[in-house]
Amino acid sequence: EACNTITANFNITTPPGTRFVLYFNDGTADSSQNTTLTHVYKKPGLYLPYVELTDSLNCKVIVTGKQNILVNGIYPDFNISKKEFCDNGTVTFNDYSLSGRDKIITWDWDMGDGTTYSGKEVTHTYSQPGTYYVTETMTTLAGCTNHFTDTIRVYRTPEPVIVGPDEICFGSVAQFNATTVIADSLTFWRWTLENRDTSNQPVVLRNFPAPGQYTLQLHAQNKLGCGNDTSFTITVHALPVITNDPVITTPVGIPVTLPVTYSPDVTGYTWTPATDLSCTDCPQPNANPRFNTTYKVEVVDNNNCRASSSITVKTVCNEQNYFVPNTFSPNGDGQNDVFYPRGTQLNRIQSMRVFNRWGELVFEKKNFNANAKNDGWDGYIKGIPAQMDTYVYIIEVVCENAQIIALKGNVTLIR
C-alpha cells in the first residue's frame, strides 16, 4: 500500500513443464518467464495480480496472488476550456483526477500569475499576454497529495512597426524591416505597396519608379490569427539635374569656363581630376589643359541626393597660338632683322625651310624653340646677303598638345 504509485516485487514459483503469463491487473502483463521481476503501478486503485499457467498439453489454470496491491492518492488531471487566446480571456478549469478507493478532499489551484483558488472547478481571467503555468494540488482522505501542471499561452496581438528611411533619392534601394512594439517570434507578415501584395518576409527591399510619395502597408498576424495594420510614408526625391555639352573645344593654352548649369537645389560640387582647373568645388571652373581631358563633376543637393556628369575639353592648336611674319628687313637696325615663327603654347619648331622663287633651299633649321630669334633666318645665304625678293617657307610647328601644324606661306625680304 502506498500513495499515488507503488513498486511491487514479484517472486513466482511454477510446477515443472509449465509456461506462465503474469497479469498485473492494471491492463499490462509479462510473459518473459522471469520468475523474479518488478512492476510499477502508476494509478490509484486496488489491484489483484494473477498468473495463468499452461502445461505441455495446453491446459490452462489461473493462480491468484495472496496479497492485494493498494495504491491510494491521486492520478491528477484537469480540463482547460481554452489554452491559447489573444490579449485577455476567461478560462474554466475542471478537475478530472482519478483517486481510486481513496477520496479527494481538497483542490488547490495556482493560476501562474500570483492568484490562487480552492475547489474542484474554478474560473480565472487572464488580463495580460504571457505564458502561465497552472498547477493543481490535491489531497486525499488517506493523506496522499499529488499535483499536475498545464500551460496557458496568452498571445499579444501584434502591433506592427515599419523601420526604414523616411526619404531616399530616386534610383536608390530602400530596406524596410518589419517588427512589433513588443517582439514576438510567432508573427506573420504581409506587405502591401500601392495596393499590391509584395512580400511576407520580415525584411523587404524596394525601389520606386519615379520621384514622389509612396505608402507602404504592413499587416502583422500571430498564429491565432490576431493581427493589426500599420502604414509608412516615404518620400522619393528627384536627383539634381546637370546640363552641359559633352564636348567643348578650346585653343591650347587659352582658359575656358566650363559651360555647366544645375538645378537650383544643388549645394555642393566636386570636380575631378583637379589638373588644370581653377577650382574643384565651384559650379563652373576655368579649365586650361594642355591635352584633351575629360572632367567629371559630382553634385549634391539639399536632400543629399547626388548626380554626376562629364565634359571633355578638346584642345586645338590654331592661328591663335602661332604667328609667322610676312616681311622682315635684315638691315641691322635691330627691328625685324630675323625671320622666325612666334607664338604661345608651342612646344618646339620641328623644322623650318625657306625657298627662293626657283625652289632652291636657302635656309633650313630643325628642332628649335619657338620665339627663338637666334634660330631664325637672318637673310643671308651661305654668308652672302640674300637679295630683296619674296621667299616661300614651310614650317612644322609642334604645339604643347602634341598637335603638329604645317605652315606654308610667303615672306618678303626688304633691304
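A residue counts as buried under 20% relative accessible area, as exposed over 50%, and as partly exposed in between. Keep that scale in mind as we walk through this predicted model.

**First stop: a salt bridge across the sequence.** Select Lys 223 and Glu 84, whose side chains meet in a salt bridge at 3.4 Å, N to O. Lys 223 sits in the loop between strand E24 (212-222) and strand E25 (227-237), while Glu 84 belongs to strand E11, so the pair ties together parts that are 139 residues apart in sequence. Lys 223 has 42% relative accessibility, so it is partly exposed. Glu 84, at 37%, is partly exposed too.

**Second stop: Arg 357 and Asp 389.** Here the closest N and O atoms of the salt bridge are 2.5 Å apart. Look for Arg 357 in the loop between strands E37 and E38, and for Asp 389 in strand E41, 32 residues apart.

Lys 296 is partly exposed at 32%, and Glu 298 is partly exposed at 41%. The whole structure holds 6 salt bridges.

**Last stop: an open sheet.** Now show the 3 strands in the order E18-E20-E23, paired antiparallel. E18 (160-163) and E23 (203-206) are at the edges with a single partner strand each, so one side of each has no neighbour in the sheet. From one strand to the next, the twist averages 25°. Zoom in on E18 and E20 (174-180), which pair over 4 bridges; Val 163 has Asn 177 in E20 as its bridge partner.

Technical notes. Residues numbered from 1 in each chain as written. Predicted model: local features only at pLDDT ≥ 70, side-chain atom pairs only at ≥ 80, totals over all residues. Heavy atoms only, no water. Pairing = 2+ DSSP bridges. Helix = DSSP H or I, 4+ residues; strand = E, 2+ residues; numbered from the N terminus. Axes fitted to C-alpha atoms, helices over the stretch in contact; angles between N-to-C directions. Salt bridge = Lys/Arg side-chain N within 4 Å of Asp/Glu carboxyl O. Buried < 20%, exposed > 50% of the residue type's maximum accessible area, 1.4 Å probe, protein only.
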